[in-house]
Structure formats: structure tokens, C-alpha cells
Amino acid sequence: ATGEQKPAGDEQAPEEPKAEPTPEELAGKLESFGEAFTELKNVVDALSRMKLSGYIQAQYVNDESSINELSSPTATKNRDQFSIRRGRVKFTYQFSPTSRFVLQPDITSSGVTLKDGYVELTEPWTSWKHTLTAGQFNWPFGFEIMYSSSSREVPERSRVYRTLFAGERDRGVMLSGLGLGDRLSYRLAVVNGTGTAQSFDFNKRKDVVGRLGYSFGAFDLGASVYRGDDLVATSANPKGQEFDKQRVGLDFQWATPVQGLGLRGEYIKGKQAPSAGTTRAASLDVEGWYFYAIQNVGTRHQFVVRVDEYDPDTEFAGNAVRTTNPAYIFHWDAHSKVMLSYELVETARSDRDDNVFTLRYQYSF
């Protein structure tokens, strides 16, 4: 037999057997594995305590008041458009039943803003679970202002709330609780009083706002109060004059005996500071109300009518603005729904073409 002969220099020496790891080396490797496992467990534990939720609202609006005219170099008076009305992601972290962290940004066509950002401390010693909240949160007044925009049956809050509680939120501290078999609830807050439109407070005085509610089962009743003031530049005092800001409100929610029919209403009366540059010496007397009728048909269909009215100055006739808002909601599945809404806006003194049609698609998780 013939074959190739390997050069003598190409022969490889046999490998020496590897030395067994010492006990010290084994202990070091086990310790490093333990540290990695502990870090991974800490991450998993943290994620298990983090709750993530949110929703997005994509919509088309047709507004009769829209015109092709520039109101500024970057904006127009046209309101007929597609937009992202709300795009919210809510982060809730709860390490124990006695403390909680909440952060909710809003990402829309107009930019990114902070909606909620607060910490909660809950006492564990009583059945009331009294909770102290500090940060930025909804004003604890009435029902509609604290009712989530993802659940509301019409596109926007009523005019009285959009005017008196613009932005729905403020910064401060709040004490709340729920007792008597979860029937009696209270919320009491001390806030800046300027909302969230700016990052500072104009005056040194803080505002007080609160709500007391009681549930009779199918019928819920609430009473709210607000006391504070606004610093407004007047024609006589450009540095600012303080005007009273007072509100009282009553609200109810009723799941009627009629299958699928719910009723909801609220009345608000108070004093509101005038606009900057005013010659007035006192606040305006204002009042407003709304009423909902909501009919659920099966699990997919909702037929809604809301009527609301706001009077910015009750001393003069013809100022009130009334809006009738029929709407239909189709629940596509457990996470998404489609809303059709038409707002008929009527001003007592001089009505104009400003009705609004909205087509909205919402997905929540």
C-alpha cells in the first residue's frame, strides 16, 4: 500500500491534561452565577410591580367655524383636520400596599405634556385607607372632571368644566379616603389654583378644593366646593388684582331600573375672575350644568345624549351657551371602539355656525 508520508516536523505532541479547577475557583464561579441570578430576579420583581396601561384616540373633526385664514405664522383658523387627540401611557409602580408611584405623559399631534405625576402614601391602620397624594393630579371636584377621557361617552368634557377647570389638573397635595362599606368617599386638596398651563403660581395664596360622595347602591350623590382667588392684571392695576374664585357643585349618577339605561348630571355655580385688562372690580357670577342619558344595547352598542349649558355672566341675559351632543359608540372588541358625535352649539344672544362633527377611533390597553 502507498500513502503520503508526513514530515517528521509536522507530528503534534499530545495535549497535556487540563488541571482540575481548585475549590476557590469553583466558589468564585458559583458566586458570580449567584450575583447574576440575583440581579435578574430583582429586575423581574421590579417589572412585576410595574403596571402599564394607556390609550390612543385618532380622530377626524369637521367644525363649521373653520375658515381658511392664518391666525399666526404657524397656525390657522381651520379646525377641519385629522389628529391624535390623546395618546397616553400610564406607568404605575407599587412596591407595597402603602405607597404608589404614577406617571402619565400625553403624546399628541400638538406635542408631549405631563398629565399625571404623583406619589401616594396610604396608611395601613384603619379600614378607610386614608391616602396622601402629592404632585400633579385631577382637581377633586364633581364627577366629570375625574371621569377618564377613555371612558367618557362624548368626545370632550362639558363647557362649564372646559372653562372653569381648563386642563382638569393642578399641582398640590390631597387627602382622600373611602369608608362605611365603601359607600362614603372624600377628597380634599390644597393646590396652586393655576392649573397646568404654566409651571408657576401667580400669587402666594393657595386654593382649597374637595368633594364628598355617598353611594346608595344604584344611585350616587356628590357635593363639591372650591375656594381660592386669581391674580389678574386690570386697567387700573397692571401688577395684578386678586379676584374671588368660588365654586359649589352637586352631581349624581343613576343606574336606572330600565335595562342598560344610565343617567348622570351636575350643577355648578360660583364666581370667576374676569379676563386680563378688565375694568371690573369684582368677579363674574357664573353657572353651568350638564345632563347625560346613556343607553347600552347589548355589549357593543351605546346611544348617548348629553345636554350642557354654561353662562359666563348671569347678571346679563343672552350669554348662556347650550350644547346638545348626541353620540353613538360601537365597541369593536374589548380594547377598541368607534365613536360618532355631533355637537349642536347654540348661543342665546347671537348664534353662529359652530357645530362640530367628530369621528374617533380609540384603542386602549
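Hi everyone, and thanks for coming. Please keep in mind that what we are looking at is a predicted model.

Let's begin on the inside. The largest nonpolar core has 26 residues, and the members that touch the most others are Y161 and F165.

Now to the salt bridges. The count comes to 20, and I'd like to show you a few of them.

Please find D116 and R169. Their side chains form a salt bridge, with 2.9 Å from N to O. D116 sits in strand 6, residues 111–122, and R169 in strand 8, residues 169–179, so this pair ties together parts that are 53 residues apart in sequence. Are these two buried or exposed? Both D116 and R169 are buried.

My next pair is R205 and D229, whose side chains meet in a salt bridge at 2.8 Å, N to O. This one also links distant parts of the chain: R205 is in the loop between strand 9 and strand 10 (207–215), while D229 belongs to strand 11 (residues 219–232), 24 residues apart. R205 is partly exposed, because its relative accessible area is 42%, and buried means under 20% while exposed means over 50%. D229 counts as buried, because its relative accessibility is 3%.

Then there is D308 with R306. Their side chains meet in a salt bridge of 3.6 Å, N to O, and both residues are buried.

Salt bridges can also join up into a network, and we have one to look at. Which residues are linked in it? The network of salt bridges connects R85, R86, E156 and R360.

Let's finish on the outside. On the surface, E64, E346, D351 and D353 gather in a patch of negative charge. With a relative accessible area of 37%, E64 is partly exposed.

Key: Residues numbered from 1 in each chain as written. Predicted model: local features only at pLDDT ≥ 70, side-chain atom pairs only at ≥ 80, totals over all residues. Heavy atoms only, no water. Patch = residues over 30% accessible without salt bridge, like charges linked within 9 Å, V, L, I, M, F, W, Y side chains within 5 Å. Areas by Shrake-Rupley, 256 points an atom, 1.4 Å probe, with all protein chains shown as cover. Salt bridge = Lys/Arg side-chain N within 4 Å of Asp/Glu carboxyl O. Lys, Arg positive; Asp, Glu negative; His and termini not counted. Charge placed at Lys NZ, Arg CZ, Asp CG, Glu CD. Buried < 20%, exposed > 50% of the residue type's maximum accessible area, 1.4 Å probe, protein only. Core = buried A, V, L, I, M, F, W, Y, C linked by side-chain atoms within 4.5 Å. Helix = DSSP H or I, 4+ residues; strand = E, 2+ residues; numbered from the N terminus.
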